[in-house]
Amino acid sequence: MAKRPQLTGRAAILAVVVCAIAMSLAYPVREYISLRRSISELRAEKARVEAEKQALLARDRQSNDPNWIKKTAKERLHYCGPGEKCFVVMEPEQGKEQATVKQPAAVPPWYQTLWESVEATDKGTGRRAVTGKESVGQS
């Protein structure tokens, strides 16, 4: 009895066909996987943007509340309504050793800086209002 060769012509052709099919499917499968990953990333980003949108809508609804507007005006602009008594609490004077330490100039409130720039423009002097960063550098 004659021994049969282990690798016949048919087996070689079958191996070549299987390799060709595998190679032709590799790129589309890889693209499919990357697109699925991209879709999941976009869904996560969409959820984040939706959450941010909801937060902004809630903030917008809050800004329509007159009590919130009054509270914000008092906190941020130091507004005092008609008939109200407003007080400014000053911190007690600190020791002499603290007074000898040179402290940077206080930054004026934004509305003072804005008004100074409007006045400078109106007068035509071209003087710029001093901001906090500039005043520290000039001291």
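Helices (H or I, at least four residues) and strands (E, at least two) are DSSP runs, numbered from the N terminus. This is a predicted model: local features need pLDDT of at least 70, side-chain atom pairs count only at pLDDT 80 or more, and totals for chains, interfaces and linings use all residues. Residues are numbered from 1 along each chain as its sequence is written, and side-chain values use heavy atoms, with hydrogens and water left out.

**Whole chain**

Start with everything shown. There are five helices and zero strands. The order along the sequence is α-α-α-α-α. Of the 139 residues, 6% are buried (under 20% relative accessible area; exposed is over 50%, partly exposed in between; 1.4 Å probe, protein chains only). The accessible surface is about 13,300 Å², and carbon and sulfur atoms account for 61% of that area. Areas come from the Shrake-Rupley method with a 1.4 Å probe; for residues, only the protein chains shown count as cover.

**Residues 32-59**

Select this span next. An unreviewed UniProt entry places the feature "coiled-coil region" here, at residues 32-59. UniProt positions follow the numbering used here, feature names are shortened, and annotations may be inferred rather than shown by experiment. In the model, residues 32-59 are 100% helix and 0% strand, with end C-alpha atoms 41 Å apart.

**A nonpolar patch**

Now pick Ile-13, Val-17, Ile-21, Leu-25, Val-29, Tyr-32 and Ile-33. Together they make a nonpolar surface patch of about 670 Å². Patch members have over 30% relative accessible area and no salt bridge; nonpolar side chains (Val, Leu, Ile, Met, Phe, Trp, Tyr) are joined within 5 Å, like charges within 9 Å. A salt bridge is a side-chain nitrogen of Lys or Arg within 4 Å of a carboxyl oxygen of Asp or Glu. Zoom in on Leu-25, in helix 1 (residues 9-63). Leu-25 counts as partly exposed because its relative accessibility is 47%. An α-helix has 3.6 residues a turn, so residues three or four places apart point the same way.

Move to residues 66-77. These 12 residues form helix 2, which should span 16 Å at 1.5 Å a residue; its end C-alpha atoms are 16 Å apart, so the two agree. The expected span is 1.5 Å times one less than the number of residues.

His-78 sits in the loop between helix 2 and helix 3 (96-99). Its phi is near 55 degrees, a positive value in a residue other than glycine. His-78 is exposed because its relative accessible area is 60%.

**The aromatic pair**

How many aromatic pairs does the structure hold? One. Trp-110 and Tyr-111 form this edge-to-face pair, 5.8 Å centre to centre with 85 degrees between the planes. Rings of Phe, Tyr and Trp (its six-membered ring) pair if their centres lie within 6.5 Å; planes under 30 degrees apart count as stacked, over 60 as edge-to-face and the rest as tilted. Trp-110 is exposed at 55% relative accessible area. Tyr-111 is partly exposed at 36%.
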